Amino acid sequence: MAGAVEPAIQRRRLRTELRRARQSAGLTQRDAAQSLDWSPSKVIRIESGAVGITPVDLRALLTLYGVADKERTEQLVEMARSSRRPGWSSYRSVLSREFLLYLDYESSAAAIRQAEPLLVPGLLQIEEYARAILLQAYQTEPSGVDQRWEVREERQELFERDPRPEMTFVLDEAALRRWVGGAGVMRRQLAHLRSLAESGAADIRYLPFRIGAHQCMRGPFTVLEFQDADDDDVLYLENARGDVFQRDDPEFTAPYKETFIELQDIAVGGTEFIGALDQMIGEMSGGDR
């Protein structure tokens, strides 16, 4: 599913280039639309990344903006073509448009930083745990559970990538102690976290109950960072209903990055985290299998 550069990243880069070219030409979005006999909303939606752009429309815009370099034009045209490739769209029947877009971003991220107060994140879930979450917490129809698990499996291929992205997770202790799927499933889930942490595949830390209130209690969030310095970070938020919110505005994402660093500093990782997992697994040994 992953490629060198996913469609969502191409759309972001293209919209940035088009906005810069328009501004360099001294035109507003309304000016550009009137010149090409388009509706203003079409230019706005292209520059916002809400829709793709055809090579024909792109060439018209570049001509209007005075972009005469043929090599640069062809680069942007190829970027437009790449941005319209389907990506994760085969799952659009079970996933929201916002989450599908997030998956494109995640596939191309150089760093994934996720804070989660309530459950083990999808990238770290075993199948039994994931199915229990989908059925019981998200009330997913049984017919959709298989496809949603397939999505998680494909996402977890990030751990096999070379080089793989830098992945850091900060979990509240509540996410580790809740018996999702029963004690047996939770033991196996915690053992999986232990394996990932010990192997160095991911930096996983937890926030013990003893530290009291912390900012992660306000809700989960994920910050994605990219290799190219021109690609702004992406912030992903999800509320209790499953609605999502994404922003790539540096002024909006920066406070969340700062919050994540603060949480990372107070969270417990390394051998202490491994020891805590072993203790929790032992406490669950008397439960069901």
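These are my notebook entries on a predicted model of one protein chain.

**Overall layout**

Taken along the principal axes, the C-alpha atoms fill a box of roughly 75 × 40 × 35 Å, and of the 289 residues 47% count as buried.

**Helix α11**

I looked up the length of α11 (residues 250–266), which has 17 residues and reaches 24 Å from its first C-alpha to its last, close to the 24 Å expected at 1.5 Å a residue. For the buried residues of this helix I recorded Thr 253, Thr 259, Phe 260, Leu 263 and Gln 264. They cover an arc of only 140° around the axis, and this puts them on the same side of α11. As background for reading such patterns, I kept in mind that an α-helix has 3.6 residues a turn, so residues three or four places apart point the same way. The face of α11 turned away from the buried side carries Glu 251, Glu 258 and Asp 265, which are exposed. I also looked at the N-terminal end of α11 and found that Asp 249 caps it, with a side-chain oxygen 3.0 Å from the backbone nitrogen of Glu 251.

**Packing of α10 and α12**

For this pair I took α10 as residues 183–199 and α12 as residues 270–283, and found that their axes come within 10 Å and cross at roughly 165°. That angle makes α10 roughly antiparallel to α12, because it is over 145 degrees. I noted the handedness as well: α10 passes α12 in a left-handed crossing.

**The loop between α8 and β2**

I went through the loop that runs between α8 (142–155) and β2 (166–172), where Phe 159 lies. With a relative accessible area of 10%, Phe 159 is buried, because the cut-off for that class is under 20%. I also looked up its separation from Arg 92, which is 67 residues apart from Phe 159 along the chain, and the C-alpha atoms of the two are separated by 24 Å. Pro 163 is found in this loop too, and the peptide bond that joins Asp 162 and Pro 163 is cis, with omega about 0°.

**Positive phi outside glycine**

I finally looked up two residues with positive phi that are not glycines, starting with Asp 37, whose phi is about 60°. Asp 37 lies in the loop between α2 (29–35) and α3 (40–48), and its relative accessible area of 72% makes it exposed. The other is Gln 139, with a phi near 55°, in the loop between α7 (127–137) and α8. At 59% relative accessibility, Gln 139 counts as exposed, because that value is over 50%.

Terms used:
Residues numbered from 1 in each chain as written. Predicted model: local features only at pLDDT ≥ 70, side-chain atom pairs only at ≥ 80, totals over all residues. Heavy atoms only, no water. Helix = DSSP H or I, 4+ residues; strand = E, 2+ residues; numbered from the N terminus. Expected span 1.5 Å × (residues − 1). Buried < 20%, exposed > 50% of the residue type's maximum accessible area, 1.4 Å probe, protein only. Arc of directions from axis to C-beta. Polar contact = N/O pair within 3.5 Å; in protein donor to acceptor, adjacent residues only side chain to side chain. Axes fitted to C-alpha atoms, helices over the stretch in contact; angles between N-to-C directions. Parallel < 35°, antiparallel > 145°, perpendicular 65-115°, else oblique. Left-handed = near helix turned anticlockwise from the far one by under 90°.
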